[in-house]
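Keep the sequence beside the coordinates as you read.

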Amino acid sequence: MDETEFWELVDAAREAAEGDPEEQADVLVDRLLRLDPDLVLDFARHFEARYNRAYTWDLWGAAWVLLDGASDDAFDFFRCWLIGQGREVYEGAVHDPDSLADLLSDFDEEIDGDGEELGYAADEAYEQLTGTVAPDLGIAPPRPEPEGTPLDFENARILAERYPRLWERFKE
């Protein structure tokens, strides 16, 4: 599976689920079950690589503003949700986290921002297909700390300066 096929699966599942992250995870599992187990592992590698790439202080700060706070777990689930939004939103946010203010046409605080189940979709599909737990994916382990310079998430002035568009849209 190449990168384009990965994003096509993500997009198709999001569209079928009409943007609901939990439903998207269910749809994604169903679609992954139609594939060979090796392709499911390829999907998992693509997902994990993007999940690890999004482990940055800048993106965590954007999630903090967007979600009105983001614990370690909440930021983990946010990164899964971000991948679930598709290539354009994901790449835009990784490149410029404040661009999420423009990339998200609408944001429902009740369901958006938490894609925990998306993070398990490939594992679930692989286990259903093979009856075994997915093997090690053979990719570099995640960094112990986010990339970049730590931010004081409790300092509203710093967040407003770093993420002016997100702050204006979601905090004022």
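Two residues are in contact when heavy atoms of theirs lie within 4.5 Å. Keep that cut-off in mind for Thr 56, which touches Phe 75, Arg 143, Pro 146 and Glu 147, leaving out residues up to four places away in sequence. The model is a predicted one. Thr 56 sits in the loop between α3 and α4. Is Thr 56 buried or exposed? Its relative accessible area is 16%. Buried means under 20%, so Thr 56 is buried.

Now go to the start of the chain. Helix α1 covers residues 3-16, 14 residues in total. From first C-alpha to last, α1 reaches 20 Å, close to the 20 Å expected at 1.5 Å a residue. At its start, a side-chain oxygen of Asp 2 comes to within 3.1 Å of the backbone nitrogen of Thr 4.

Which residues of α1 are buried? They are Phe 6, Trp 7, Leu 9, Val 10, Ala 13 and Arg 14. These residues lie on the same side of α1, because they cover an arc of only 155° around the axis. What do they pack against? Their partners are α2 (21-32), α3 (37-53), α5 (72-84) and α6 (87-95).

After α1 comes Glu 18. This residue belongs to the loop between α1 and α2. Its phi is positive, about 55°, although Glu 18 is not a glycine. Glu 18 counts as exposed, at 74% relative accessibility.

Continue into helix α2, where Gln 24 is found. Gln 24 has 2% relative accessibility and therefore counts as buried. What does its side chain reach? It reaches the backbone oxygen of Gly 84, at 3.0 Å. Gly 84 is also among the contacts of Gln 24, together with Val 10, Ala 13, Arg 14, Ala 17 and Leu 118, once neighbours within four places in sequence are set aside.

Next, look at helix α4, residues 57-67, and its packing with α5. How are the two helices oriented? Their angle is about 95°, and their axes are 10 Å apart. Angles of 65 to 115 degrees count as roughly perpendicular, so α4 and α5 are roughly perpendicular to each other. On the α4 side, the contact is made by Leu 59, Trp 60, Ala 63, Leu 66 and Leu 67. On the α5 side, Asp 72, Phe 75, Phe 78 and Leu 82 take part.

Asp 68 has a positive phi, near 60°, and is a residue other than glycine. At 61% relative accessibility, Asp 68 counts as exposed.

Finish at helix α8, residues 121-130, where Gln 128 is found. Gln 128 has a relative accessible area of 48% and is partly exposed. Which residues does Gln 128 touch, not counting residues up to four places away in sequence? They are Val 29 and Leu 33. Compare its position with that of Asp 72. Gln 128 and Asp 72 are 56 residues apart in sequence. In space they are 29 Å apart, C-alpha to C-alpha.

Methods
Residues are numbered from 1 along each chain as its sequence is written. This is a predicted model: local features need pLDDT of at least 70, side-chain atom pairs count only at pLDDT 80 or more; totals for chains, interfaces and linings use all residues. Side-chain values use heavy atoms; hydrogens and water are left out. Helices (H or I, at least four residues) and strands (E, at least two) are DSSP runs, numbered from the N terminus. The expected span of a helix is 1.5 Å times one less than its number of residues. Buried means under 20% relative accessible area, exposed over 50%, partly exposed in between (1.4 Å probe, protein chains only). The arc is that of the directions from the helix axis to the C-beta atoms. A polar contact is a pair of N or O atoms within 3.5 Å; within protein, one must be able to donate a hydrogen and the other to accept it, and residues adjacent in sequence count only if both atoms are side-chain atoms. Axes are lines fitted to C-alpha atoms, for helices over the stretch in contact, and angles run from 0 to 180 degrees between N-to-C directions. Angles under 35 degrees count as roughly parallel, over 145 as roughly antiparallel, 65 to 115 as roughly perpendicular and the rest as oblique.
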